[in-house]
Amino acid sequence: MIEHTILSHIVYNEAYARKVIPFLKTEYFQDSNIKEVYTVVDSFIKKYTETMQDQNIYPIFSLMVFVVFFVGVLWYVKIMDKKEVERS
């Protein structure tokens, strides 16, 4: 639960993300799915914040929200019960 909260705040709260990301490590996340999403988000932030110094960060976070949402939907589809899909 705390892992999900941390990841949510990183995505939706820029001030929180700027303060916390330098101190977070992948090893801190035990849930493999959240760890994978964090890895993607972390690499994305580190890659694009270095190339966009002194520019507005909001476009990065909007793209990151899209990426996190897309990964979440893919994860949901992956774990979804096949019988539930066939019933629809």
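Predicted model: local features only at pLDDT ≥ 70, side-chain atom pairs only at ≥ 80, totals over all residues.
A residue counts as exposed when its relative accessible area is over 50%, as buried when that area is under 20%, and as partly exposed in between.

**The whole chain**

Display the protein chain as a cartoon. Five helices and zero strands make up its secondary structure, and from the N terminus on the order reads α-α-α-α-α. Switch to a surface view. The protein chain exposes about 6,800 Å², of which carbon and sulfur atoms supply 62%. Of its 88 residues, 25% count as buried. If contacts are drawn between residues at least 6 apart in sequence, 53% of them join residues at least 24 apart.

**Helix α1**

Select α1, residues 2-12. Which residues of α1 are buried? They are E3, I6, L7, I10 and V11. Turn the view to look down the axis of α1: the buried residues fall within an arc of 130 degrees, so they line one face of the helix. Now colour I2 and Y12, which are exposed on the other side of α1.

**Y16 and helix α2**

Move on to Y16, a residue of helix α2. Y16 is partly exposed, because its relative accessibility is 25%. Leaving aside residues up to four places away in sequence, Y16 touches I6, H9 and I10.

**The nonpolar core**

Select next the largest nonpolar core, a set of 18 residues. Within this core, the residues with the most contacts are I10, L24, F29, Y38, V41, I45 and M64. Two or more core residues come from each of α1 (2-12), α2 (14-20), α3 (32-51) and α4 (58-79). Which helix supplies the largest share of the core? It is α3, with six residues.

Centre the view on I10 and show its neighbours. Apart from residues up to four places away in sequence, I10 touches Y16, A17, I21, L24, Y38, V41, I45, F61 and M64.

**V40 in helix α3**

Stay with α3 and select V40, which is found in this helix. V40 counts as partly exposed, because its relative accessibility is 35%.

**Helix α4**

**An aromatic pair**

Finish with the aromatic rings. How many aromatic pairs does a search of the whole structure find? It finds two. To see a stacked pair, select F66 and F70: their ring centres are 6.3 Å apart and their planes stand at 20 degrees, so the pair is stacked, the cut-off for stacking being under 30 degrees. F66 and F70 both belong to helix α4 and are four residues apart, about one turn of the helix. An α-helix has 3.6 residues a turn, so residues three or four places apart point the same way. F70 is partly exposed, because its relative accessible area is 45%.

How values were computed: Residues numbered from 1 in each chain as written. Heavy atoms only, no water. Core = buried A, V, L, I, M, F, W, Y, C linked by side-chain atoms within 4.5 Å. Buried < 20%, exposed > 50% of the residue type's maximum accessible area, 1.4 Å probe, protein only. Contact = heavy atoms within 4.5 Å. Areas by Shrake-Rupley, 256 points an atom, 1.4 Å probe, with all protein chains shown as cover. Phe/Tyr/Trp six-rings, centres within 6.5 Å; stacked < 30°, edge-to-face > 60°. Arc of directions from axis to C-beta.
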